[in-house]
Amino acid sequence: MKDRAGVYNILYEYRDETAALAAGAYAIQLIAALLPEGLDRVEGLRMLGAPAIEDARDVPAMVEALRLLLRKTALGPTTRALVEAARARGVPVLRLDDYGLVQLGYGSRQRRLRASITGATAHIAVEIAADKSLTKRLLAEAGLPVPRGTVVRTVDAAAEEAAQLGYPVVVKPLDGNHGRGVSTDLHSEAAVRSAFERAAQHSRRVIVEQQVAGNDHRILVVGGKVVAVAERVPARVIGDGMHRIEQLIADVNADPRRGMGHENVLTRIVSDAAMEALLAKSGKTLNSVPMAGEQVVLRETANLSTGGTAVDRTDVIHPDNIAVAEQAATVVGLDVCGIDFLSSDITRPVTETGGGIVEVNAAPGFRMHLEPSGGSSRDVAGPVIDALFPRPSRSRIPIFAITGTNGKSTTVRMVSRILCEHGQTTGMSTTSGIYIDGRLTKAADASGPKSARSILRHPKVDAAVLETARGGILREGLGFDRCDVGAVLNVTPDHLGIKGINTLEDLADVKSVVVESVARRGHSILNADDPMCRRIARHARGKIVWFSMFGDTLMPSWLRDHVQGGGMAVVREAGAYGGTIVLHRGGARACMMPAAEIPATLGGIAEFNIENALSAAAMTLAHGVPVDTVRRALASFTSSFEESPGRLNVDDGNGFRVIVDYAHNPASLSALGQVIDKMRERYGRVIGMVSIPGDRRDTDIAEMGRLAGKIFDEIVFREAPDGRGRQEGEVTSLMSDAALRSGLSPDRIRRIVDEHEAAEACLRMAAPGDLVVLMPTAVERVWRQVLDFEAAAMAFAEPEAAAHA
């Protein structure tokens, strides 16, 4: 960092946040361990979920710990393939939990999935597929080839049904999966009884059905169309005449493509009782040594989850077999399904070869199609994404991102009001909280990326309007990959000297991230009156739209060239009562409305709200909102507490006027001072409660005091509740000294640390006809304090009036 030698900000890309944070913690720990004694300690290091490693230099242990973390949180092959396919198509992706639940798209255009179960997958279809007996009956009634069989609950019933069907038979759980509890090629009552006991461990009801001859195929159907076919081969090893079966299995498991469960494209082969029983049929055990070249089958089923492999057969399946699979998917009602299909020759119709459908599976895995052991890999995830977002439907909602030193919250609210007037349900994040469709859903400072993501996850939101503050950008970037409209309202000195941001140029670089994230066909909205915004324009993406308080003859030549060349700008042309808002677009000039018609401008005197209205109009007009809609929305936008808390809120209930405004830096106090100057002749004394956060530079704190000394007749200086690293009284002392130097008399200055007490002092100091300006941290609490003071005054006045009567 520029101001702290040896201190670095480290950036690295990741896919899994939990593992990435743990990896970062291990990396710091490792580097520290390599430093000389005395420098090898890291203070305040949080391991962030990483298991403690005794030896800070034990890299293999760290890697293994990270691997275990990834097993818990990393996406499986199917979900990962769907996520990658979505991103390749420009569909944004958000993880909703640590177990594979994923959101594709934003807001009201989102779709959700977990593995290959999608938001479009009908629950009743999943229930049907889980009931193998019902599935088989529905398919048989549709004239599709399925083996005969029945459901039994007892071992005796299983033996009896097998005898009636005729051997060989298959015994399997009614609602099992991944081949668990399945026994095939059973030729005797004893084998059936044993198989029943294995199946009953997975389901209370068990299916006994004909053994259908043929090779095991998985046919994947998406949106009613076959997209891939794989022939599945049961787990097996090939003897070399020297090693035991147990060792041969270990050799196969050494393949890096094999992992535990579904983490890799292949699954490790695990020895168990079912494997030993199958080996026993051929007189072998795990200790047997097969002859060289001898194939030893280890599983009765060909599931990849039990160690099987797959060979792609997509290009050779017969069209009649495709029709059978597609019809089966339609009968069950699944949007994504895996058909288990037995056929001795998939290139010929099943009506000639015999065989048929043995199962229809919801949530089929994609591993065998993505990376088959033989044949071509298939893009099976792409068709799923295409089905979820068929052309010309879109996966994104409009995102309006707004940054700047001052005016962000008001501009966010203006943009949201305009979009609501345009008929859209908006999600809005501000320093006051998160709002959905105008209703506060979470009260908090919601100007960071987590709040942005919260809005983008909401299924009701048609458009997101996001206050994007400096702190969140520095902490973890943006909450979105790109926005449709990005705006930088202004860049003035604030938060300097914090987190390596020491100059105005540094601050501008941080805020420029917003317009650098604008989509190629989007718009960057910039303040033509701000030198730093003009500097930022070099990095802005999309089309640049300017707004300016200086239109008509006051317009600078470069901006005039821009509008005469067909560029877009929204400007204020000077005149009485705040002047007129004018749109320049495509070489044409159009008067939108007098600034005074916007209630939040207080009849045109609150120029900072005129400027906010210019930026809001520029953002929405650039996005295609009609001029009449923008005009109607702005004409109804007030500065009431309900509409815009802490932004020029006015109360006249005490015989004197109270303004509550969250002016917390010199630039915002200067702008508020201009409004006060225009109101001064209507009021007696002007009383102010003034503060600034303690983490600002001494020069900024002093400037706040100097300005206050010029603006107010009476001042109560207070401090923020937490002090932000300064001793109690330090901030008020710096401001008071600066106010004195500005010429304000000492008897006009009070220092009260507590905000509530400071506000109370200002209210009690006021006489009829005075103007009280409160600049709070806890906006809602202070506004309530103003209203409670008013109520108390009225209660006191009523008995007094009665006594005089």
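Predicted model: local features only at pLDDT ≥ 70, side-chain atom pairs only at ≥ 80, totals over all residues.
Which residues touch the most other members of the largest nonpolar core? Residues are numbered from 1 along each chain as its sequence is written, and side-chain values use heavy atoms, with hydrogens and water left out.

**View 1. The largest nonpolar core and Leu526.** Ile399, Leu456, Phe480 and Leu526 touch the most other members among the 42 residues of this core, a nonpolar core being a set of buried Ala, Val, Leu, Ile, Met, Phe, Trp, Tyr and Cys residues joined through side-chain atoms within 4.5 Å, with buried meaning under 20% relative accessible area for a 1.4 Å probe and protein chains only. Helix H17 (residues 504-516) gives the largest share of the core, five residues; helices are DSSP runs of H or I with at least four residues, strands are runs of E with at least two, and both are numbered from the N terminus. Leaving aside residues up to four places away in sequence, Leu526 touches several residues, including Val488, Val515, Ile536 and Trp546, where contact means heavy atoms within 4.5 Å.

**View 2. An open sheet of 11 strands.** The strands follow the order S21-S20-S19-S22-S18-S23-S24-S25-S26-S27-S28 with mixed pairing, two strands being paired if DSSP finds at least two bridges between them. At the edges are strand S21 (439-443) and strand S28 (588-594), each of which pairs on one side only. Strand S20 (residues 433-436) pairs with S21 in the antiparallel sense over four bridges, and Tyr435 stands opposite Leu440 in S21.

**View 3. Helix H21 across the sheet strands S27 and S28.** Helix H21 (residues 627-635) lies across strand S27 (580-585) and S28, and runs at about 25 degrees to S28; axes are lines fitted to C-alpha atoms, for helices over the stretch in contact, and angles run from 0 to 180 degrees between N-to-C directions.

**View 4. Helices H5 and H10 in contact.** Helix H5 (residues 132-141) packs against helix H10 (residues 319-332) at an angle of about 120 degrees, with their axes 10 Å apart. That angle makes H5 oblique to H10, because angles under 35 degrees count as roughly parallel, over 145 as roughly antiparallel, 65 to 115 as roughly perpendicular and the rest as oblique. Thr135, Leu138 and Leu139 of H5 meet Ala328, Val331 and Val332 of H10 in this contact.

Terms used: Buried < 20%, exposed > 50% of the residue type's maximum accessible area, 1.4 Å probe, protein only.
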